[in-house]
Amino acid sequence: MNLTANFTYDELVHSDWAVRHGVSNACPDELMPALRRTAQGMQRIREALGVPVIVTSGYRSPSVNQAVGGSRTSQHMKAE
């Protein structure tokens with residue numbers, strides 16, 4: 001599902017760690033508005049720069065965030 005012209009849901013929730021360990025990293029419905037806002041902000045940056053922006057980590061579920069050593073207050077878990 002496209003969140004903007006150039007950013008998809010799948011790329012913003014993709015986690016190599018989650019894939020390797022068979023863990024879901026799906027964004028909860030209540031955080032979808034935040035994920036869309038994040039994608040829209042990234043879209044504006046892409047358009048300003050005129051080059052693709054590579055997402056290495058968008059949303060992280062709490063379990064994925066903990067497993068990869070993310071901060072307990074990481075904005076990733078808020079889809080921001």
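A: E80 touches A34, T38 and Q75, residues up to four places away in sequence being left out; contact here means heavy atoms within 4.5 Å. With Q75 the side chain of E80 makes a polar contact, side chain to side chain, at 2.4 Å. A polar contact is a pair of N or O atoms within 3.5 Å; within protein, one must be able to donate a hydrogen and the other to accept it, and residues adjacent in sequence count only if both atoms are side-chain atoms. T38 is 42 residues from E80 along the chain, yet their C-alpha atoms are separated by 5.7 Å.

This is a predicted model, in which local features need pLDDT of at least 70 and side-chain atom pairs count only at pLDDT 80 or more, while totals for chains, interfaces and linings use all residues. Residues are numbered from 1 along each chain as its sequence is written, and side-chain values use heavy atoms, with hydrogens and water left out.

E80 counts as partly exposed because its relative accessibility is 49%; buried means under 20% relative accessible area, exposed over 50%, and partly exposed in between (1.4 Å probe, protein chains only). In the protein, buried residues make up 35% of the 80 residues.

E80 lies in the segment after α4 (62–67). The protein has 4 helices and 0 strands, where helices (H or I, at least four residues) and strands (E, at least two) are DSSP runs, numbered from the N terminus. Along its principal axes, the C-alpha trace of the protein spans about 35 × 25 × 25 Å.
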